[in-house]
Amino acid sequence: MSAIRRFADTHPFWFVVALSIFQPALAIPVVAVGKALGTSLEPIRLAVPVVQSVFIIWFIWTMGWSRACGLTGTVRNAYLLIFPAIVHFVPALLHGTVSIPAAGVSLFFFAVLTTGISEEGLTRGVAIPLLLRYGKWAAVLLAAVMFSLGHLTNAFFQDLSLFAWIEVFAATFGMGVLYGALLLRTGSLLPLIYLHTIEDYIYVTSGTAGPYVAVPLGFGPHLLLSGAYILAGLLLMFTVTEEDIAERMLGGTAEGAGAA
């Protein structure tokens, strides 16, 4: 692991790029094995985030980054979590809920939980602390872009139109900006995992996304939500302090990052 740490410290951007390719790519052998065994789609969709979440938690702990990545420590400024917690219920408020088989409730909750762990662990927990070397704005925005691009693996499971892909990228980029700012202000990754799980589960149970789609949320509402996330995230970024940055940064020094 010493060589990996050295590469992360000397080339943080390329390290994050490499990890952002490797972790989603773990889906490829899982899908290949599942299809070779004639497994139906749903178990494969569950297996992919499980493998990815186990990998990222193991990686963070093995690298000794659990504190900087926000997996341990305290949660500061918890009131900032109220806004996303409320907004994540918008799909349910607009469309209510759909009927889901009893087995599906537990199955998809576990699936979205492991998805939250894998995606937050990578794009917030690892990417932002490493990219803070380039400044807080670059760290949060680059991590948000990587978070959006990571959703290209949806192509394994869904046949999306151009407008649907724009929706996906807009929604995930907005969420990435807000969650990145929240990581710096709260100092913890755990609330973001919970919020991510809630958001995905609301989409599934409201029938606006996922395997039980009744009425898709729509292009307009998705863009409005994305805009709200981006605005809230940018406002929060102006309140990020030198102490916030120093606590999260992996490698380098905080002086240049705080001024950026």
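These entries record my look-up of salt bridges in the structure above.

**Entry 1: basis.** I worked from a predicted model, in which local features need pLDDT of at least 70, side-chain atom pairs count only at pLDDT 80 or more, and totals for chains, interfaces and linings use all residues. Residues are numbered from 1 along each chain as its sequence is written, and side-chain values use heavy atoms, with hydrogens and water left out.

**Entry 2: count.** I searched the whole structure for salt bridges (a side-chain nitrogen of Lys or Arg within 4 Å of a carboxyl oxygen of Asp or Glu). The search returned six.

**Entry 3: Arg133 and Asp9.** I found these side chains in a salt bridge, at 3.3 Å from N to O. Arg133 sits in the loop between helix 7 (102-131) and helix 8 (136-149), while Asp9 belongs to helix 1 (residues 2-10), 124 residues apart. I took helices as DSSP runs of H or I with at least four residues, numbered from the N terminus.

**Entry 4: Arg76 and Asp244.** I noted 2.7 Å between the closest N and O atoms of this salt bridge. Arg76 is in the loop between helix 4 (41-63) and helix 5 (82-87) and Asp244 is in helix 12 (residues 242-248), so the pair ties together parts 168 residues apart in sequence. For accessibility I used relative accessible area (buried under 20%, exposed over 50%, partly exposed in between; 1.4 Å probe, protein chains only). Arg76 is partly exposed at 23%, whereas Asp244 is buried at 4%.

**Entry 5: Glu247 and Arg248.** I recorded 2.9 Å between the closest N and O atoms of this salt bridge. Through shared partners, salt bridges join Arg76, Arg185, Asp244, Glu247 and Arg248 into one network.

Definitions and conventions. Helices (H or I, at least four residues) and strands (E, at least two) are DSSP runs, numbered from the N terminus.
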